[in-house]
Amino acid sequence: MNYIQRTFACFAVMFLTSSFCFAENLPCDKKCSQDPQSKCDLVLKTDIAETKSVTDITNRFDELQDCCCCEGKYNEIVGFLKSLLAKKQLAAAPLHYYAALTRYYQLACLERSQAWDEYFNQGSAYREELTASAFAAVKATAVYDPVHVYSRLLLWRYYSAQEDVSSMDALTGLMQSATEYAKSAVDLEPVKLSADKLLAAGEKARARELYRIYISKVTGAEVKTEELSKLAESFYKEANLDLSEEVYNAYVQRLIKEGNLEAIVAVLKNIAKSFSYNDTSMSDPEYAEKMFTKLEVAAGPQVFDEELLYIRAWNLEKGKLWKQAREMYIELLKRFPETPHTDESLYKIGLISAYALRDKERAKEYFQKLANKEKVSPQVISAMYHLGLLSQWQEESVKAKDYYAKALTLAAGLYKETIALVNARQQELSGNLPIELNLKTFLDASLKPENSRFDMTKVGLHYGPSEVNVEEEVDILSSAVSYTAGCMQVIMEYYWSGNTGSAKPGSDKVGFKTAYSETGTKEVFIVIVSPPDIIDRDFSMVDVR
């Protein structure tokens, strides 16, 4: 994924005295002991005796790790492997690798199940056997053998988990072997699995290197176009968006070369919608926009009907690609001036202009378009409020009072959440008081030219679900990072303002739950302070349908 995720945190990693720490979660599955056919040792012994592929058996170990941990048959499996080695009826290298893999999962199981007696009494012997068996497998194979790559991967995972100095050498060995292996391999699963494990461990650059190699092989000319589509979709379902995007890129390129415009349009629409912002991890707004752009290039702007153009703008907004979002909402209004999305689009253009792009005059222009409308909507009243707010901030009290008064008149007893904000501002004006501190701080950080350093890159504001119903609960959460310390500050103050619905969060709240009693677009503002300095600001727009 190329777009920047703006959730920041610092993590402290603690290791046991042995320094051996696994990432796998290994609960005991009671079904394993009840179903004879799912017996871990029986299944593995059968697969090994039938000389199934190394990839199949590696996957089988992973599938059965819960059952194996529950049954505690690791020593029996190792004994079985040693007996096969003694008989010399099967190739030695895979057997050595399976023995190392068994010990790897056994150590993980002992740690997770807190079987400390065996862990401390036998752990050293198991670790020695793990490394000796893995190195024996490496020594007995050439780089074109999948056993070689899998053994290198296992050694790196083991040493990396231990934070052993040997982990860098193991990583180098893994990268070299996987790269060489891929040149002539038919079974590319060792390369993909290596990339998956590297990515999971935070080795993103090396993971991408192997993914690129993998993609170049699986998207070759000999691969059918429909197979590319199935492969990309399977990676998407696995939530491996990086890999899915790479394959989709190859798939789209293939379709463009084939020149079937109807197919190109259908595929690009589907991909763009799939990756557009949603409430799961299965979205990448920036990639979705790239697909929308390809669609526009391929078929022209007329390919976007009202709803598709709205999805494109909404995706950009929720992805906080602010400048592009504003332009797309403007395009939506230009092509479809009177739709159910008109007031929402006008209002969001105003909010984005003022509070994301520091363009007060453009904001006033679009707020005024709403204020001039005869038909009242939630966005019309909110636009009146923001015209008053911007005037009040600029110390134009007469204008501010006029806008607030019009908002009250047009609301006619409705839109109570926005009117509560209007009333608060009127009280400030009538009492010759400054704008409430939290809101004033956000306005100053967002609008004063000297505060341009507060660019919303060091603070994130996130909420879900992305679209809510009236009275439906919304979770709102902030996050921040201070580059001076490189880590989350111990002391943080959270200056919440805007329309926070039923909640009134204090400055000690990193997040809160709320609900809204009326439909409309609800803007939530945040400034995070590490006294006495402002870290940054952000805002989000909650759509209440």
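Mentor: Buried means under 20% relative accessible area, exposed over 50%, and partly exposed in between, with a 1.4 Å probe and protein chains only. By that cut-off, 52% of the 545 residues of the protein chain count as buried. This is a predicted model, where local features need pLDDT of at least 70, side-chain atom pairs count only at pLDDT 80 or more, and totals for chains, interfaces and linings use all residues. Residues are numbered from 1 along each chain as its sequence is written, and side-chain values use heavy atoms, without hydrogens and water.

Trainee: What is the mean pLDDT of the protein chain?

Mentor: pLDDT is the predictor's confidence in each residue, from 0 to 100. The mean for the protein chain is 90. Of its residues, 91% reach 70 or more.

Trainee: Where does pLDDT stay under 50?

Mentor: Over residues 1-31, and over residues 485-489. Contact means heavy atoms within 4.5 Å. Beyond four places in sequence, the model has 78 contacts for residues 1-31 and eleven for residues 485-489. Where pLDDT is low, predicted coordinates should not be read in detail.

Trainee: What does the secondary structure come to?

Mentor: The protein chain has 23 helices and seven strands. Helices (H or I, at least four residues) and strands (E, at least two) are DSSP runs, numbered from the N terminus.

Trainee: Why is H9 called roughly parallel to H11?

Mentor: Axes are lines fitted to C-alpha atoms, for helices over the stretch in contact, and angles run from 0 to 180 degrees between N-to-C directions. The axes of H9 (residues 166-184) and H11 (residues 204-218) cross at roughly 10° and come within 10 Å. Angles under 35 degrees count as roughly parallel, over 145 as roughly antiparallel, 65 to 115 as roughly perpendicular, and the rest as oblique. So H9 is roughly parallel to H11.

Trainee: Which residues make that contact?

Mentor: Among them are Met168, Leu171 and Met175 of H9, and Leu210 and Ile213 of H11. By class, the contact has seven nonpolar, two polar and four charged residues. Ala, Val, Leu, Ile, Met, Phe, Trp, Tyr, Cys and Pro count as nonpolar, Asp, Glu, Lys and Arg as charged, and the others, Gly among them, as polar.

Trainee: What makes H20 roughly perpendicular to H23?

Mentor: The axes of H20 (residues 378-393) and H23 (residues 437-447) cross at roughly 80° and come within 11 Å. That angle makes H20 roughly perpendicular to H23. Tyr385, Leu389, Leu390 and Trp393 of H20 meet Leu439, Lys440, Leu443, Asp444 and Leu447 of H23. These divide into seven nonpolar, no polar and two charged.
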